[in-house]
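Let's take a friendly walk through a protein model together. Have a look at the picture first, and then we will start with one spot in the chain.

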Amino acid sequence: MTKRGYRLALFATLLAVVVVLLGAYTRLTHAGLGCPDWPGCYGFLGVPMSEHKQLLAGERFPETPLEVAKGWYEMIHRYFAAALMLLAAALVARALRHRGEPGQPLKLPLLILALLVVQAAFGMWTVTLKLWPQVVTAHLLGGFAILAALFLLTLRLSAWRPAITPLTAQLRGLALGALLLVIGQIALGGWVSSNYAAVACVDLPTCHGEWWPRMDFANGFHLTQHIGPNYLGGQLDSDARTAIHMAHRLGALLVTLVLGLLAWRLHRAGDSRLGGVLLAALALQVGLGIGNVLLHLPLLVAVAHNAGGAALLLTLVAINYRLSAEPVVVAGVVRLPLWRHGLTALPGK
């Protein structure tokens, strides 16, 4: 039976998906500086549309000419993000009101709201620091973290419960490792995007016709690069971008191997449905990644690749939640703790 707040949490999760994809669209259309200030746009609450407002915008920011379409991409993303923060505040208010009821989480809604406040700060720094790659990547990771936390909250408020199988304990380590690996790969993808390295290699499986092309990892992953220039379009040379791109490819290969193993182990443990969902999400993401390279980063495929990363992340959150039950053996019976999930029993081993 679902708990109070389930529908609100589910709606917030779906809205977070939209916000993540709008952020990807904004980044991929080079509209991250569509509004050079924050939280407004050229000093207005919305994109200046009238001739008078556009003249004022030009006077206020003469070094950043107004591009109306890019301004709207940026502001729509901000509007949806603000709506998500209001939903998070509503989730916290509901959790506080019903905190005495069994199974009603409070810490997780508070964490989500705190993450959104921090995310808003990174949104501001993305603009004021002119797309500094470190901040852009952290902002992308923050969006995925909020999405994962909202999905976990939805799972905890849903009627879906962790399950015990004979292989549950053995799978926990692999599932957690797979989740951390995917988070790392998402971070690498953010670094690729923020440094404009997605098309550093335009052939597969080689890069520039070589299996190991010239690469500059020192500059490609120089995380203490100075703040100051406008990073729109990127500041790195070809060898540094190639290093970033190839690191992401190698990460994708490792993710594929580990997630494939996890899917097979889930099937062996009797949870073929989750294993099948994981394989489908993985195959889709790999296909979209290949399409990005061979088709030279078409916008819709690139946005879909971000959606694929989110799908993989959420699938692994669900798998880890499914395996999160701590079995207790009492008189030869395996039981879930009453304080967490209610009584469930299977014959003990």
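Where is Asn195 found? Asn195 sits in the loop between helix H6 (168–194) and helix H7 (217–220). Helices here are DSSP runs (H or I, at least four residues) and strands are E runs of at least two, numbered from the N terminus.

Is Asn195 buried or exposed? Asn195 is buried, with a relative accessible area of 2%. Buried means under 20% relative accessible area, exposed means over 50%, and partly exposed is in between (1.4 Å probe, protein chains only). Not counting residues up to four places away in sequence, Asn195 touches Pro133, Leu236, Arg241 and Ile244; a contact means heavy atoms within 4.5 Å.

## How to read the model

This is a predicted model, in which local features need pLDDT of at least 70, side-chain atom pairs count only at pLDDT 80 or more, and totals for chains, interfaces and linings use all residues. Residues are numbered from 1 along each chain as its sequence is written, and side-chain values use heavy atoms, leaving out hydrogens and water.

## The whole protein

The protein has eleven helices and three strands. From the N terminus on, its elements run α-α-α-α-α-α-α-α-α-α-β-β-α-β. The radius of gyration is 23 Å, close to the 20 Å that the globule rule gives for 349 residues, so the protein is as compact as a globular protein of that length. That radius is taken over C-alpha atoms, and the rule is 2.2 Å times the number of residues to the power 0.38.

Buried residues make up 46% of the 349 residues. Among contacts with a separation of 6 or more, 75% join residues 24 or more positions apart.

## Regions named in UniProt

An unreviewed UniProt entry places the feature "transmembrane region" at several stretches, including 131–153 and 300–319. UniProt positions follow the numbering used here, feature names are shortened, and annotations may be inferred rather than shown by experiment.

In the model, residues 131–153 are 91% helix and 0% strand, with end C-alpha atoms 31 Å apart. Residues 300–319 are 100% helix and 0% strand, and their end C-alpha atoms are 28 Å apart.

Most residues other than glycine have a negative phi, and most peptide bonds are trans. The peptide bond from Leu204 to Pro205, however, is cis, with omega near 0 degrees. Pro205 is in the loop between H6 and H7.

His208 lies in the loop between H6 and H7 and has a positive phi, near 60 degrees. His208 is partly exposed, with a relative accessible area of 42%.
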